[in-house]
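Hi,

Here is the structure I promised to send over. Have a look at it first, and then read on for my notes.

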Amino acid sequence: MGVRATLRNGLSIATAPYLAGWIIKGLDAGVRRVLWAWSHLRFAALVRNQGQGCVCHWNAELKYPGRIKLGNKVVIGMNVAIGAIGTITLDDHVRLSRDVILETAGLDFTSPTLPYPHVHAPIHLEEGVWVGARSVILGGVTIGKRAVIAAGSIVTKDVPAGALIGGVPAKVIRMRPL
């Protein structure tokens, strides 16, 4: 039950639920602004080698951010994980959708000694690449200009410029005009 208020014209309204809704909306907007500001400050402090207009969601996980190189207007979405033991280069206008994983490190399973030694290789995403949600890109991969990686793909080999690829492991679906 809420408090009822009577207006001058004789109409009455329930104020408590109405005010509670506005308070919650105001708090939500305030929290979002704080997280937005935090993400920009954190991102600028962690990734020093970045171009103009780069955006990173506040909950993206950046391992070894000093080895990440970003061009202009790169967008890193929600829940993205970037493991940069080897260098990761994202050229201009690269888009990483939610839950994408870029991982440069792995284990050398051919080694006879245990535990298996760690190995790493660089990742390079050229200009205009878009990586769909929940895709994984492994070390040693270069993705050509304006390529599109379909959601849920696992990329283990180089991708030509203008390709639309998808699947596990990712294969060329068709070539797009550049």
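Predicted model: local features only at pLDDT ≥ 70, side-chain atom pairs only at ≥ 80, totals over all residues.

Which way do Ala163, Leu164, Ile165 and Gly166 point from strand E19, and are they buried or exposed? Ala163 and Ile165 point one way, Leu164 and Gly166 point the other way, and all are buried.

Strand E17 (residues 148-149) runs parallel to E19, and two bridges join them. Val148 has Leu164 of E19 as its bridge partner. With strand E20 (residues 171-175), E19 pairs in the antiparallel sense over four bridges, and Ile165 is partnered there with Val172. E19 and E20 make a hairpin with four residues between the strands, where Gly167 takes a positive phi near 110°. The loop between E19 and E20 also holds Pro169, and the peptide bond from Val168 to Pro169 is cis, with omega near -10°.

Pro115 sits in the loop between E11 and E12. Phe109 is found in the loop between strand E11 (105-107) and strand E12 (118-120) as well. Phe109 is exposed because its relative accessible area is 58%, and the cut-off for exposed is over 50%. Together with Leu107, Leu114 and Tyr116, Phe109 makes a nonpolar surface patch of about 430 Å².

Next, an open sheet: four strands in the order E5-E8-E13-E16, with parallel pairing. Strand E5 (68-70) and strand E16 (142-143) are the edge strands, as each pairs on one side only. Strand E13 (residues 123-125) pairs with E16 in the parallel sense over two bridges, and His124 stands opposite Thr142 in E16.

Most residues other than glycine have a negative phi, and most peptide bonds are trans. Tyr64, however, has a positive phi of about 55°; this residue lies in the loop between strand E4 (61-63) and E5. Arg146 also has a positive phi, near 60°, and its place is in the loop between E16 and E17. Tyr64 counts as partly exposed because its relative accessibility is 45%, and Arg146 is partly exposed at 48%.

Cheers

How values were computed: Residues numbered from 1 in each chain as written. Heavy atoms only, no water. Patch = residues over 30% accessible without salt bridge, like charges linked within 9 Å, V, L, I, M, F, W, Y side chains within 5 Å. Areas by Shrake-Rupley, 256 points an atom, 1.4 Å probe, with all protein chains shown as cover. Salt bridge = Lys/Arg side-chain N within 4 Å of Asp/Glu carboxyl O. Buried < 20%, exposed > 50% of the residue type's maximum accessible area, 1.4 Å probe, protein only. Pairing = 2+ DSSP bridges.
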